[in-house]
Amino acid sequence: MGYGYMGQLLWIDLSSGTVEKEELKETLTDKFLGGKGLGAKLLWDQVPPGTDPYDENNLLMFLSGPLTGTLAPSMRGCVVTKSPLTGIFADSYFGGSLAPEIKYAGYDGIVIKGKAPEPVYLLVEGERVEIRPAKHLWGLDTFKTSWTLKQEIGEGKDPKIACIGPAGENLVRFALISCEYNRHAGRCGCGAVMGSKNLKAIAVIGERGVQVKDKAAFIEAVNRARHELRESPYIEAFRIDGTPGSIPFADAEGLLPVFNYRQGTFHGSRKIDNEAQRERLWLKDTACFSCPVACSKVGVIRRGKHRGTIVDVVEYESAALMGANLGLDNLEEVAYLVYLCDALGLDSMSTGGVLGYFLETVERGLIPASSSQWGFGKPEGIEELIKQIAYRSSEIGNILAEGVKRAAGAIGQGSEKWAVHVKGLETPAWGPRGAPGMGLAYMTGDRGGCHQRAFPILYEVGGERWRGRKFSRLEIEGKAELVVYLQNYLAGLDTLVKCDFAAYGITADTYASLVRAATGKDITAADLELIGERIWNLTRLFNCREGIERDQDSLPARFQEEPLPDGPAAGHFISPSDCDKMLDEYYQLRGWDARGRPFASTLERLGLS
Amino acid sequence: MGRLRAKPDKCTGCNLCLLACSFNFTGEFTPHLALMRVERRRDGLLFQPITCEQCENAFCLKVCPSKAISREEILKIDANNCTGCGLCAEYCPWKVIILREGTAYKCELCQGQPECVKVCPAGALELEVV
């Protein structure tokens with residue numbers, strides 16, 4: 001080992017208070033490379049079937065990849081655990097500076113099991129690892145926790161912090177982990193797993209170096225990656241407009257989630273888009289560690305009652321789900337509500353999904369003791385609901401804190417029909433009715449409804465070609481092949497651990513060159529795809545072991561039954577027979593049986609028998 | 001030869017300068033050994049790259065007991081004379097002198113082609129000729 005990798009994992013058992021350093025075996029990295037792959041393998045091996053995600057046997061892992069912490073552009077880290085929101089495999093990615101620091105501390109990852117009897121935080125200062133009391137931090141929001149710990153750990157040291165807010169402490173099933181600085185392992189409730197372990201924060205300080213095998217070849221590959229980033233129009237758009245640059249596109253194409261996904265276009269989209277944010281919020285570009293793109297922006301709310309609040313760019317997903325989906329077109333209010341979610345430790349995507357469902361249920365008159373403040377487009381009521389969720393401080397807050405699937409189960413009265421999720425994960429801000437390939441990607445995403453495991457919209461609506469092929473937007477046939485490829489390739493890159501956006505610019509060959517030069521292993525672009533396919537099958541095995549089958553590879557009723565009312569794909573929906581056709585094709589290409597379980601021959605081919 | 005000039009209004013906090021500097025100097029990626037720093041203000045609105053000022057009134061030069069630091073256009077450390085006592089690093093007002101394996105190192109502008117300037121994607125660092 002020694003090149004690209006640090007060669008060891010740090011295991012912490014919070015029940016017994018023991019700390020172990022375990023060698024990272026080459027047989028493991030040869031097969032799974034890094035982040036996502038290692039996490040999937042450890043989860044499969046170590047977390048017994050049926051384990052409650054809040055049980056002390058669940059693992060919470062912070063993992064890096066062989067390129068994290070180097071000059072390779074835009075590398076990140078990931079959290080892997082069993083999700084309390086979905087009950088299946090969860091991987092959630094974070095930028096910022098935490099993952100590189102874990103490597104500088106001498107580890108490829110930190111694996112946490114057990115459960116501390118009282119609130120604690122973990123201090124990792126190179127070889128020295130301490131489990132410290134955190135009662136004084138319990139209850140603090142993510143920003144205050146991070147700042148307090150930095151002060152406490154002392155002068156001259158700059159620890160990198162990961163922490164949960166009140167939502168994680170209160171086991172809100174879609175609580176996030178805030179990673180320095182204000183980058184989030186947002187999805188699937190990783191923060192609730194951290195809360196269940198009574199772990200308020202992790203502080204990491206590292207002074208070791210990451211070595212690469214072939215320095216000249218590595219720098220050459222870095223320069224090539226930088227060149228590709230500079231030449232890419234997608235990257236140019238991310239640099240200038242950040243992710244909210246997608247709002248006008250999604251609105252024009254009828255892909256926005258609006259009023260709980262009832263519509264695909266929003267009258268107020270221009271009030272919350274990139275141009276509005278540039279004019280009213282942003283002051284400068286900011287970047288995650290090692291990223292030349294700097295898609296993030298930071299600024300300040302200058303008017304209204306939230307004046308003076310420093311806010312990040314309101315990312316596309318947050319602007320769409322907390323804005324359009326809740327009928328909010330006041331940018332300052334949306335920016336503040338997203339800031340509030342970040343501070344309280346709530347995933348703003350899931351929060352937008354849950355609240356969209358709830359406001360529709362209120363509108364339909366199904367909530368008896370309803371408040372006049374609860375309605376689409378009413379920021380005060382939404383702010384109150386967010387606090388009630390994070391603190392579980394009201395009956396409704398407590399129900400919504402369980403996520404949209406469980407909330408709809410509890411509220412009942414047919415409201416499951418407009419609970420928009422796949423496998424319990426509230427879907428992202430891309431309504432799929434006018435892009436069926438995107439629907440298939442949601443149906444088959446290994447962590448539930450997710451746009452980051454495959455984003456066929458780029459090809460179906462964006463006009464991008466795949467291997468010379470052009471895709472017709474509403475066609476059902478042929479989409480499975482695209483989705484399978486994207487899932488495999490992106491899972492391969494999620495082991496590095498790549499940034500989703502930089503991957504729009506950096507080519508597969510260049511990623512492979514970076515890995516080759518860093519590790520000395522003979523990895524090609526095709527290998528990355530194969531490793532991705534192996535990982536995808538392993539996460540599927542894990543999910544099948546937890547009871548996932550074909551019937552749950554499905555779409556919410558809203559997307560299967562209700563025609564989209566507006567936009568260029570108006571009138572369209574993804575019917576149950578469309579879903580079946582795509583799934584049949586998908587399973588066949590994957591080498592899975594009709595119920596969606598990998599054939600033995602598939603596992604053998606991938607070295608997973 | 002000049003000195004580095006930082007433009008904090010442009011700095012995105014990506015820290016690529018620290019990675020390039022440490023790699024150039026140690027052959028590894030180890031930002032804490034970079035011969036410069038980037039300070040992040042609490043609110044995240046400002047990143048301040050801190051580089052060697054090539055001070056006219058140079059404390060490092062004054063405190064060095066073994067005359068290992070001299071000024072030849074810029075301030076340089078002669079590794080052969082350096083005893084690794086650490087006084088220069090201790091009294092550097094910018095905290096950009098690093099002790100490594102018993103020798104002190106400071107920014108000597110990469111023979112006029114600073115790696116940090118080359119790698120910066122934001123134009124937040126430049127070599128100012130004085």
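**View 1. Two strands side by side in chain A.** Strand E3 (residues 60-63) and strand E6 (residues 109-113) of chain A pair in the antiparallel sense, joined over four bridges. Here, strands are DSSP runs (E, at least two residues) and helices are DSSP runs (H or I, at least four residues), both numbered from the N terminus; two strands pair if DSSP finds at least two bridges between them. Look for A:Met61, whose bridge partner in E6(A) is A:Val111. Keep in mind that this is a predicted model, where local features need pLDDT of at least 70 and side-chain atom pairs count only at pLDDT 80 or more, while totals for chains, interfaces and linings use all residues. Residues are numbered from 1 along each chain as its sequence is written, and chains are lettered from A and ligands numbered from 1 in the order in which they are written.

**View 2. The six-stranded sheet.** Zoom out and you get an open, mixed sheet of chain A in the order E2-E1-E6-E3-E4-E5. Strand E2 (18-23) and strand E5 (89-94) of chain A sit at the edges with a single partner strand each, so one side of each has no neighbour in the sheet. On average, neighbouring strands of this sheet are turned by 15 degrees against each other, direction ignored.

**View 3. A helix across the strands.** Helix H2 (residues 35-46) of chain A lies across E3, strand E4 (77-82), E5 and E6 of chain A, at about 20 degrees to E4(A). Axes are lines fitted to C-alpha atoms, for helices over the stretch in contact, and angles run from 0 to 180 degrees between N-to-C directions. Two residues are in contact if their C-beta atoms, placed from the backbone, lie within 7 Å.

**View 4. A three-stranded sheet.** This open sheet of chain A is antiparallel, with the order E13-E14-E15. Its edge strands, E13 (282-286) and E15 (310-312) of chain A, each pair on one side only. Strand E14 (residues 296-300) of chain A is joined to E15(A) by three bridges, and A:Val300 stands opposite A:Ile310 in E15(A).

**View 5. Where chain B meets chain A.** In this view, 20 residues of chain B are in contact with 23 residues of chain A. The chain B side that touches chain A has nine nonpolar, eight polar and three charged residues. Nonpolar covers Ala, Val, Leu, Ile, Met, Phe, Trp, Tyr, Cys and Pro; charged covers Asp, Glu, Lys and Arg; the others, Gly among them, count as polar.
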